[in-house]
Amino acid sequence: MSNIPSDLKYAKSHEWLRVSGDTATVGITDHAQAELTDIVFVELPAVGRTVKAGEACAVVESVKTASDIYSPVSGEITAVNSAVVDNPALVNTAPDSDGWFYKIKLSNATEVNALLSPDDYKKQIGG
Amino acid sequence: MLKRTALFSAHQKLGAKLIDFGGWEMPVQYTSITDEHLAVRNAAGIFDISHMGEVTVSGAGAESFLNSVLTNDIRKLVSGEGQYTLMCNERGTVIDDLYAYKLSEAVYFLIINASRIEPDVAWLDAQTAKFSGDLKMTDASHNYAAVAVQGPRVQEFINTVIPGASSSAMRVNAVNDLKKNQIGGFKFENHSVLISRTGYTGEDGFEIVGSDESIQHLWDKFISVGQPFGLKPAGLGARDTLRTEVCYPLYGHELDEETTPIEAGVGFFVALDKGEFNGRAVLADQKANGVKKKLVAFKMTDKSAPPRPHYPIWANGASVGEVVSGTQSPSLNLGIGMGYVPPELAKPDTKIEIEIRGKHYAAVVVPKPIYKKG
């Protein structure tokens with residue numbers, strides 16, 4: 001059974017978003033890490049890069065396969081989590097806390113409203 | 001509609017992730033590829049290999065027929081022995097790689113790749129039509145299910161799972177008395193099963209072929225008897241990482257109809273001295289005069305994402321080839337793979353680069369196998 005924290009917003013492509021003022025933290029969901037299993041490599045965007053909502057901006061690789069990570073919102077990358085680059089297994093063990101990917105300064109805060117609520121995401125993954 | 005093996009519901013019960021593998025709905029993993037991989041390296045694992053094909057060839061002409069279509073010398077086999085071999089066309093390129101077993105005088109049993117059953121049988125049919133000796137060939141793939149039980153601890157419990165002596169092919173008092181590449185017919189409950197001491201993981205182990213019902217019962221018994229020894233069900237994901245570490249070729253990756261056994265580094269299984277066979281002229285020429293591409297094994301030396309099939313290989317500023325198999329090695333905890341390069345770049349310690357999403361990462365050619373026990 002996947003953990004779906006109630007204080008997060010969710011993208012259909014299995015990223016989560018934690019908004020704090022005009023900045024948000026992005027990671028992948030517990031469901032996504034469980035599907036991938038054995039995460040061995042994470043590639044993050046450069047700090048300062050501008051991304052659009054839906055743009056592929058990170059890569060996570062399991063033993064079996066490489067998967068693109070899509071930014072749930074538009075904005076400028078302000079920080080990345082070097083801990084998951086050094087220890088990719090953090091994404092498996094703490095996907096919605098220590099296993100976060102990057103922080104982004106929102107350029108269009110209304111995009112957040114288009115993301116899924118915890119209940120809607122739960123429905124999407126059949127939970 | 002994907003085909004399902006006799007063990008499909010067993011996989012579902014275990015919560016396996018299922019994928020399409022050559023038209024078969026097969027388990028890629030049960031819990032984690034890494035865990036399953038390490039279980040096989042350190043203890044034991046059981047794989048469903050029911051999707052693989054089986055062909056029986058018998059008759060007074062069987063030996064000379066098989067020696068004309070396969071690269072290895074089948075005359076070296078005594079009853080109860082098997083050998084790795086390849087089937088080539090006239091261009092010397094590979095139609096399939098397979099195991100050929102001699103069950104008794106003039107009775108042979110071939111185990112072929114699941115994805116190649118149709119082309120293999122079509123090719124063999126065309127060859128039998130040209131052959132004048134006494135010969136009967138049957139595609140028996142639908143009659144059999146199969147499991148592979150692999151790992152250093154399998155020998156501790158295999159005799160408990162399947163007690164008793166063999167009654168056909170290699171005569172031994174117990175399954176564990178089979179030596180590498182030997183095959184025996186055994187009784188399990190009321191079923192006849194064929195057991196060979198072979199595998200695709202680089203570990204000691206056995207492959208067992210039998211009826212759907214016998215393999216279903218065997219699977220359950222292996223799981224319950226093997227569990228205290230650390231046995232885990234293992235999927236195709238672990239099967240791929242295990243075979244890549246020990247550099248066993250997989251058809252469609254290292255081998256295809258554009259590649260010869262000499263290029264793929266399996267010339268040891270090509271018996272040029274046995275007389276005429278399909279592809280011999282090309283293979284003899286390559287052995288004498290060299291090849292244009294050669295399969296190498298490599299390890300990543302830069303920290304990078306795992307190499308994957310089709311990633312370009314670079315050397316001295318030029319693109320020189322392509323990765324055919326690549327993964328994160330669970331045993332070595334680094335990126336490993338195999339790929340084709342020009343022969344002058346095939347020597348161990350040659351520095352190469354792997355292109356991953358537009359960036360180049362350093363790698364080094366290493367001797368095969370990449371992983372060695374101990």
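Start by selecting helix H3 of chain B, residues 62–69, in this predicted model. Ala62(B), Phe65(B), Leu66(B) and Val69(B) are its buried residues. Look down the axis of H3(B): the buried residues line one face of the helix, because they fall within an arc of 95 degrees. The general rule behind such a pattern is that an α-helix has 3.6 residues a turn, so residues three or four places apart point the same way.

Now show what covers that face. The cover of the buried residues of H3(B) includes strands E4 (53–58), E5 (81–88), E6 (94–104) and E7 (107–112), together with helix H4 (117–129), of chain B.

Next, colour the core. The largest nonpolar core has 127 residues. Among those with the most contacts inside this core are Leu66(B), Tyr108(B), Leu110(B) and Ile195(B). Strand E6(B) gives the most to the core, with 6 residues. Apart from it lies another core, of 5 residues, including Val270(B), Ala271(B), Leu283(B) and Val291(B).

Val147(B) also belongs to the residues with the most contacts inside the largest core. Which residues does Val147(B) touch, leaving aside those up to four places away in sequence? They are Ile46(B), Phe47(B), Asp48(B), Ile49(B), Ile208(B), Ile215(B), Leu218(B) and Trp219(B).

Move on to the sheet. Select the strands of chain B in the order E10-E11-E12-E13-E9-E3-E14: they form an open sheet of 7 strands with mixed pairing. The edges are E10 (168–169) and E14 (231–233) of chain B, each of which pairs on one side only. In general, strands of a sheet pair through backbone hydrogen bonds, either parallel or antiparallel. Zoom in on E12 (residues 191–196) and E13 (residues 205–210) of chain B, which pair in the antiparallel sense over 3 bridges. To see one bridge, pick Ser196(B), whose partner in E13(B) is Glu207(B).

Helix H2 of chain B, residues 33–42, lies across E3 (44–48), E9 (145–150) and E14, and runs at about 120 degrees to E3(B). Helix H6 of chain B, residues 212–226, lies across E3, E9, E11 (183–188), E12, E13 and E14, and runs at about 20 degrees to E9(B).

Then visit some backbone details. Most residues other than glycine have a negative phi, and most peptide bonds are trans.

- Ala106(B) has a positive phi, near 65 degrees, and is not a glycine. Look for Ala106(B) in the loop between E6 and E7 of chain B. Ala106(B) counts as partly exposed because it has 17 C-beta neighbours inside 10 Å.
- His310(B), also not a glycine, has a positive phi of about 80 degrees. The loop that holds His310(B) runs between E15 (294–300) and E16 (312–315) of chain B. Is His310(B) buried or exposed? His310(B) is exposed, with 10 other C-beta atoms within 10 Å.
- The peptide bond from Lys368(B) to Pro369(B) is cis, with omega near -5 degrees. Pro369(B) lies in the segment after strand E20 (359–366) of chain B.

Finally, zoom out to the whole chain. Chain B has 8 helices and 20 strands. Its radius of gyration is 21 Å, close to the 21 Å that the globule rule gives for 374 residues, so chain B is as compact as a globular protein of that length. The C-alpha trace of chain B spans about 65 × 55 × 40 Å along its principal axes. Buried residues account for 49% of the 374 residues in chain B.

Note on methods: Residues are numbered from 1 along each chain as its sequence is written. Chains are lettered from A and ligands numbered from 1 in the order in which they are written. This is a predicted model: local features need pLDDT of at least 70, side-chain atom pairs count only at pLDDT 80 or more; totals for chains, interfaces and linings use all residues. A residue is buried if 20 or more other C-beta atoms lie within 10 Å of its own, exposed if 12 or fewer, and partly exposed in between; C-beta atoms are placed from the backbone. Helices (H or I, at least four residues) and strands (E, at least two) are DSSP runs, numbered from the N terminus. The arc is that of the directions from the helix axis to the C-beta atoms. Two residues are in contact if their C-beta atoms, placed from the backbone, lie within 7 Å. Two strands pair if DSSP finds at least two bridges between them. Axes are lines fitted to C-alpha atoms, for helices over the stretch in contact, and angles run from 0 to 180 degrees between N-to-C directions. A nonpolar core is a set of buried Ala, Val, Leu, Ile, Met, Phe, Trp, Tyr and Cys residues joined through C-beta atoms within 7 Å. The radius of gyration is taken over C-alpha atoms; the globule rule is 2.2 Å times the number of residues to the power 0.38.
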